[in-house]
Amino acid sequence: MLYQNYIRVLYIDLFTKKIKFENREDLCEYIGGSGVASKIFSELADYGSEPLAPSQPIVFAIGPMSTIFPICTKAVCSFFSPQTGEYGESHAGGRLAMAIRLANIDAIVITGRAQSPVYITIKPDDIIFHDAEPLWRLGVSESGQYMRSMAGAPGNRSIIRIGPAGANCVPTAGINVDTYRHFGRLGAGAVFGSKNLKGLVICGEKDFAIKNPAEYNKLYSEIYDKATKTGLMAKYHELGTPKNVLPLNKINALPSYNLKQSNYEYAANISGEAFAEEVLHRKVSCSGCPIGCIHIGWLRKLFDAGYEYESCGVSYDHELVFSLGSQLGIKNTTGVLNLINETEEMGLDAISCGVILGYMSEALEKGDITLSETIVEVKFGEIDNYLKAINYIANPPNDFYRDIGRGLYNFTARKGGDSYQYALQLGGLEISGYFTGPAHLIGGLTGIRHSHLDNAGYSIDQKLLKDASTLSAKTVAEKIIEEEVIRSVYTSLVICLFAREVYDLETVCRALKVIEINASPDSLKSVSSKILKNKLEIRKKMGFCIDNFPLASRYFETPSPYGLIKKEFTDEIITHYKKLIEQ
Ligand code: SF4
């Protein structure tokens, strides 16, 4: 959509190895990113078949501002989630959006199943299939090294790949993007695995002229300065998102020990401040972003028994400090980095993996599961056994690990009884690291991806808490929907959500005008509502129904910043949500 009135889509059929490009004018009204990916997905999804059937598409899309303006860095991936059995969408930064843009592509659609493992190199004028048999079950870092060495000179390229969890089609497997970023949630890695697709190397070699350089440079500098000089994004560069750990802990919003507590006695040991002091090695950025919010910790570990030590960089953020830290009773930064590193290497979604381990720890304590199933004694605070269990989730040695790797909703539904009452999932996806109140719960349950980033329920809770007298179920439902519509604008333009205050809608429209796209804040919101409606229809066709996901009693037993959350109140929000969404 760069100075053109079409979206350039690359279609790849893995079975026949047929390649096709289409320039689609009809997709322009869906903006890009989430809008375009979900629209293409809705056209090609095989609604009557399993999520991992070869016919199912996996779609990647960038937006019209990608790489042209600062912090427009994300790529969107749409697929049929093998974890929730409904629409799956995941977003990742890194170098991918830049590489797709400079390969002169707006969207990539992959269907079919390769006859044996492959990875694919995509260049502006060439698509190459490579044999991936030798690296099929290798860990993420080794696979990345191999693909990098085979790809030759660095250039503007991005390398995405799966680890053993994806190769084994574990429904909580993600896709690693350029080592430190991920399409983590909802099982995109299993979709790659089911297609015998190890990964993609995308090489951007094109150059694009900017038509209005004077205007462009002026606006670019203005946005750049707003991002770097005003303090709007300072926290992301300074301590990064782990800056949230201590404030959340202070207000009883940091889930710990499988949410038996919302306050963690060792929070200071694994806070953003502690990571910065003890292990922070460097900060890196997605391509085209001046912020550098990706914090890399240095992990020194024994190579193997009887060998020496090796060191590696491991990226950490708030979500992982929660899922593989407070959720598991881990008391130090090195312990958290160790668990993150293993999860990354196996190619699992680190949030789901940590939440699953916390559930297993409590279930084993209670006697709801047995040691003969878990093989190792998963126990809060015990790092070594967690490391082994992570490996088992990625490479299931028995039915128990095969089931638990499908996520807690699937596991507890199969197990039956009351086991779901302490399983921390919302809408079939394991929770993120905020226990801020009712908006976070219902936001996760109703959000299109069940991600905390869909509608920022955690932020709605904290804003409403400032004047709890204004809190009503209707207000919460309205705010959740309102925010999801606004965020859909950003995820379709694929601006990093951390930069949403830099890019108010007026600024977005000015930026679009420079690249000759006319839009107003109202027109963007109206397109966004249409995009959201399309996604709601997709998931309805896939059988999603809020009532199938009762909230675990654990959410009502542990104090939040609002005290104990009342179930009647969350029921009331759901009633209002249903009414509003049907309007
Ligand atoms: S703020 Fe962070 S996640 Fe967002 S684009 Fe910049 S480096 Fe990437």
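**Helix packing and domain contact**

Reply: Helix α17 (residues 438–446) and helix α20 (residues 473–493) have axes that come within 10 Å and cross at roughly 50 degrees. Axes here are lines fitted to C-alpha atoms, for helices over the stretch in contact, with angles running from 0 to 180 degrees between N-to-C directions. Helices (H or I, at least four residues) and strands (E, at least two) are DSSP runs, numbered from the N terminus.

Me: Before we go on, what kind of model is this, and how are residues numbered?

Reply: This is a predicted model, in which local features need pLDDT of at least 70 and side-chain atom pairs count only at pLDDT 80 or more, while totals for chains, interfaces and linings use all residues. Residues are numbered from 1 along each chain as its sequence is written.

Me: OK, so how are α17 and α20 oriented to each other?

Reply: They are oblique to each other, given that angles under 35 degrees count as roughly parallel, over 145 as roughly antiparallel, 65 to 115 as roughly perpendicular and the rest as oblique.

Me: Which residues meet there?

Reply: From α17, P438, A439, I442, G443 and T446 meet V476, K479 and I480 of α20, where contact means that the C-beta atoms, placed from the backbone, lie within 7 Å. This contact divides into 5 nonpolar, 2 polar and 1 charged residues, with Ala, Val, Leu, Ile, Met, Phe, Trp, Tyr, Cys and Pro counted as nonpolar, Asp, Glu, Lys and Arg as charged, and the others, Gly among them, as polar.

Me: And is α17 mostly covered or mostly open?

Reply: Mostly covered, since 9 of its 9 residues are buried, a residue being buried if 20 or more other C-beta atoms lie within 10 Å of its own, exposed if 12 or fewer, and partly exposed in between, with C-beta atoms placed from the backbone. The buried residues of α17 pack against β16 (425–426), α18, α19, α20 and α23 (567–582).

Me: What about α20 with α22, at what angle do they pack?

Reply: Helix α20 and helix α22 (residues 521–541) pack at about 95 degrees with their axes 8 Å apart, which makes α20 roughly perpendicular to α22. On the α20 side the contact is made by E484, V485, S488, V489 and S492, and on the α22 side by L524, K525, S528, S529, I531 and L532. Those residues divide into 5 nonpolar, 4 polar and 2 charged.

Me: Where does N252 sit, and is it buried or partly exposed?

Reply: N252 is in the loop between α8 (245–250) and α9 (272–278), and its phi is also positive, about 65 degrees, although N252 is not a glycine. N252 is partly exposed, with 17 other C-beta atoms within 10 Å.

Me: Last topic: how is the chain divided?

Reply: It is divided into domain 1 (7–204), domain 2 (237–413) and domain 3 (430–582), with bounds that come from an automatic or database domain assignment. The C-alpha centres of domain 1 and domain 2 lie 26 Å apart, and their contact takes 30 residues from domain 1 and 27 residues from domain 2.

Terms used. Contact = placed C-beta atoms within 7 Å.
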